[in-house]
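Please consult the sequence and the structure shown here.

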Amino acid sequence: MGTNFWWIYDIVSAAVVILSICACAKRGFSKILIMIIGCVVSIWLAAVISSRCSDFIYDKFIKKTSTEAVGDAIERYDPAQSVREAIEDQGYGAVLEDSRVRKILESEDSIEMLYEYTNQAAGTVVDTPDNFADTLTAGFTELFAKQLGGKLPPYVTHELIKRISGNNELFVKTTEMILKNPDSVPSYIEENYIRKPALKLVKAFVFLISYLILMTVIRVVINRTFRFGLLNGYDRLDRFAGGLLGVVYAASVLVVIAVAVKIMINVAESDGSFLSYETVEKTKFFKYIFNRIQ
């Protein structure tokens, strides 16, 4: 199931809205009001809980594992090879040597020196310096992200590509560190490229779990309240108002669905798959809710 099935997200969203309105209208305003209030309060409390607990959970259970995974991924990794491949794949006609590329990467002005070396190897000026730098950083980042992708989830590679591509300073710092001080690379990658997106994912997990627990408790309380006859309907107006509240209830359900989808994408995204940012962006309605989930 690939990106062509983007419409499923919109169909599910529309179904949630319609079913919520119908169900809430049937139950009536008086019976659904406390449920809506409980739903909104649950979302707020879940957000507070996730914000306050995510740092502790990440530091306690995820940080060490992520750092070790980076260490395993870059063991015996040679950035010079990736840089050479990134340049040669552009069709400049230049054939480079790994040893010379490696020596250049250990210098502070590596991009300028690589540009000169590529021009010499090609026997012509291959591109403007700025375009060459952009192409180089983007190509290297793709290969470096692929190297890490075997050990780390997709959100890490997305963060690497977003941060390093087009950023000459980060490219120089990253390649130089891998060559000169490889032992510090796992901690550097964890702190700069893993922690922030991982915290977002942890927050989403905690939010989802907290919300489900809170709503379960609220449903139990409401059901017991119904048995005592404390909530009563108000004829047709009651059902109409209940239907209006169904829109609010549908919105809260869609927020939870969006959080769940975002979690699954960050954990198991693959290019061209149904669970991907690319697929969600094709939707007509669901993307507006999805993109507002932080």
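R163 is partly exposed, with a relative accessible area of 29%, whereas E159 is buried at 8%. Buried means under 20% relative accessible area, exposed over 50%, and partly exposed in between (1.4 Å probe, protein chains only). The side chains of E159 and R163 form a salt bridge, 3.6 Å from N to O; a salt bridge is a side-chain nitrogen of Lys or Arg within 4 Å of a carboxyl oxygen of Asp or Glu. Both residues lie in helix α7 (residues 154-164), 4 residues apart, about one turn of the helix. Helices (H or I, at least four residues) and strands (E, at least two) are DSSP runs, numbered from the N terminus.

**Basis of the model**

This is a predicted model, in which local features need pLDDT of at least 70 and side-chain atom pairs count only at pLDDT 80 or more, while totals for chains, interfaces and linings use all residues. Residues are numbered from 1 along each chain as its sequence is written, and side-chain values use heavy atoms, leaving out hydrogens and water.

Salt bridges that share partners join D55, D59 and R195 into one network. The closest N and O atoms are 3.5 Å apart for R195 and D55, and 2.8 Å apart for D59 and R195. D59 lies in helix α2 and R195 in helix α9, 136 residues apart. At 40% relative accessibility, D59 counts as partly exposed.
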